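Hi everyone, thanks for coming.

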Amino acid sequence: MTDQTAPSSPDPRAALRRKTIVLVGLMGVGKSSVGRRLAAALDLPFRDADNEVEAAAGRSIPEIFAEMGEPAFRDGERRVIARLLDEPPHVLATGGGAFVNAETRALIKSKAVAVWLKADLELLARRVSRKDGRPLLKGRDPMDVLREHASLRYPAYGEAHLTVETGDTAHAVAVDAVITGLKIYLLQSESEST
């Protein structure tokens with residue numbers, strides 16, 4: 001009697017692991033928390049661009065803003081994201097302004113799959129009001145800042161490969177929505193290339 005194992009079925013999520021998945025969107029939308037869970041679901045490493053910028057600069061983001069200003073932060077952010085995109089596929093959560101930079105956006109679009117996580121501004125305002133340490137909110141009303149950012153950033157976010165509407169639901173629901181969106185996007189991309 002020979003020991004024959006049944007052929008294993010192909011991993012249905014293997015296609016989702018071929019490219020880095022970059023999450024973009026406004027502050028508070030859950031790029032990091034959804035990103036960690038998405039990476040676990042897809043068995044991919046997770047990277048947070050803000051954490052990587054802090055490690056590279058040797059200081060916190062609020063310190064970078066205070067000591068060097070937003071332009072210096074954005075320049076460092078662009079360089080860090082470029083480096084991360086040269087790594088093997090992973091899930092990357094970016095800062096809210098990263099995808100607005102034309103050079104960063106073009107790099108992400110050419111080397112990765114960009115996913116815009118989009119949520120209602122009032123929900124985002126409630127979320128960001130609960131946390132300190134967001135330099136762009138310092139001394140300002142979160143709703144005013146989010147409205148400004150939406151008007152300035154939504155055109156850039158609209159260039160992401162796909163948009164996933166998230167709401168006030170469990171992160172698992174958002175992860176499932178991203179995975180579904182990625183599958184649809186990849187099927188469309190494959191059919192367009194054939």
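A word on names: helices (H or I, at least four residues) and strands (E, at least two) are DSSP runs, numbered from the N terminus.

Before going further, the ground rules. This is a predicted model, where local features need pLDDT of at least 70 and side-chain atom pairs count only at pLDDT 80 or more, while totals for chains, interfaces and linings use all residues. Residues are numbered from 1 along each chain as its sequence is written, and side-chain values use heavy atoms, with hydrogens and water left out.

Back to the strands. S1 (residues 20-24) and S3 (residues 91-93) run parallel and are joined by three bridges; two strands pair if DSSP finds at least two bridges between them. How many strands form the open sheet, and in what order? There are five, ordered S2-S3-S1-S4-S5, with parallel pairing. At the edges sit S2 (46-48) and S5 (162-165), each pairing on one side only. From one strand to the next, the twist averages 25 degrees.

Now for what packs on that sheet. Helix H1 (residues 31-42) touches S1, S2, S3 and strand S4 (112-118), and its direction makes about 160 degrees with that of S1. Helix H2 packs on the sheet too, touching S2 and S3, at about 65 degrees to the direction of S2. For both, contact means heavy atoms within 4.5 Å. Axes are lines fitted to C-alpha atoms, for helices over the stretch in contact, and angles run from 0 to 180 degrees between N-to-C directions.

Let's stay with H2 and look at its ends. Asp 48 caps the N-terminal end, with a side-chain oxygen 2.9 Å from the backbone nitrogen of Asp 50. Just after H2, Gly 58 takes a positive phi of about 70 degrees.

H2 (residues 49-57) also meets H4 (residues 70-85): their axes come within 9 Å and cross at roughly 110 degrees. H2 is therefore roughly perpendicular to H4, the label for 65 to 115 degrees; under 35 counts as roughly parallel, over 145 as roughly antiparallel, and the rest as oblique. Among the residues making this contact are Val 53 and Ala 56 of H2, and Phe 73 and Val 80 of H4. By class, the contact of H2 with H4 has seven nonpolar, one polar and four charged residues. Here Ala, Val, Leu, Ile, Met, Phe, Trp, Tyr, Cys and Pro count as nonpolar, Asp, Glu, Lys and Arg as charged, and the others, Gly among them, as polar.

H4 has another partner, H5 (residues 102-111), with axes that come within 10 Å and cross at roughly 10 degrees. So H4 is roughly parallel to H5. The H4 side includes Ile 81 and Leu 85, and the H5 side includes Leu 107 and Ile 108.

Last pair: H6 (residues 121-129) and H7 (residues 142-157) pack at about 125 degrees, with their axes 9 Å apart. H6 is therefore oblique to H7. Their contact has nine nonpolar, one polar and two charged residues.

Terms used
Polar contact = N/O pair within 3.5 Å; in protein donor to acceptor, adjacent residues only side chain to side chain.
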